[in-house]
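Dear colleague,

Please find below the structure that I am handing over to you. A summary of the findings follows it.

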Amino acid sequence: MKTRTLLTASIVAALMAGTALAAPGHAPGEGHDHGGETAYGKPGDPTKPARVVQVVFREGEGKMLFLPDNFRFRKGEQVRFQLRNNGAVDHEFVIGTVEENLKHMTEMEKNPDMEHDDPNAKRLKPRATGEILWQFTKAGTFDVSCLIPGHRQAGMTGTIVVQ
C-alpha cells in the first residue's frame with residue numbers, strides 16, 4: 001500500500017512539474033519559433049559584422065516609448081539592437097509583422113507573464129540591458145512593439161522600414 005501511494009504521488013509530482021515547465025511560455029507549436037526565415041528576416045550570424053543600433057525603453061508623462069521608434073535598414077543588412085530599459089517596469093522589444101505582434105499581444109493579455117526565448121524578442125527588467133541580432137532579408141514595413149499588456153497601447157511601438 002505504501003509503495004502504491006508513493007508511486008501515485010511521484011506520478012502526480014512529475015505531471016505537475018511538466019505543466020509548470022510548459023507555462024507561462026508558449027505551448028508546443030505556438031509562439032514565435034523564429035529559428036529560421038520569417039517574413040521580416042532571420043536571426044543574425046554572430047560571426048558576421050552588424051550595424052549597431054541603440055534603443056532605450058522609458059516611461060514618462062503617461063506614455064511608454066522606444067527611443068528611437070523608427071528604423072530604416074537595407075535589405076540583407078544585419079543589425080545588432082543594443083537594448084536598455086531605463087524605465088521603472090519590465091518592457092519588451094519584439095520584432096514582427098503588425099499582424100503577428102497584434103495577435104501575440106492578445107495572447108499576452110491572457111498570460112501577461114509569458115516568457116520569451118526568441119531571437120526576435122527580448123524582455124528586460126528595469127535598468128537591464130540586452131540585445132537582439134537580426135538580419136533583415138526581405139524588403140517591407142515591419143513592427144516593433146512591447147507586448148506586455150497596455151504597453152503598446154501606451155505608445156511603446158515603432159516601425160522598421162527595409163528597402
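**Findings**

Of the 163 residues in the protein chain, 35% are buried, where buried means under 20% relative accessible area, exposed over 50% and partly exposed in between (1.4 Å probe, protein chains only). This is a predicted model, in which local features need pLDDT of at least 70 and side-chain atom pairs count only at pLDDT 80 or more, while totals for chains, interfaces and linings use all residues. Residues are numbered from 1 along each chain as its sequence is written, and side-chain values use heavy atoms, with hydrogens and water left out.

The protein chain contains 2 helices and 10 strands, taken as DSSP runs numbered from the N terminus (helices: H or I, at least four residues; strands: E, at least two). Along the sequence their pattern is α-β-β-β-β-β-β-α-β-β-β-β. Of the contacts (heavy atoms within 4.5 Å) between residues at least 6 apart in sequence, 76% join residues at least 24 apart.

Asn101, His104, Met105 and Met108 of H2 are buried. Viewed down the axis of H2, the buried residues lie within an arc of 115°, so they line one face of the helix; the arc is that of the directions from the helix axis to the C-beta atoms. These buried residues pack against strands S6 (91–96), S7 (121–124) and S9 (140–145). On the other side of H2, Glu99, Lys103 and Lys110 are exposed.

With kind regards
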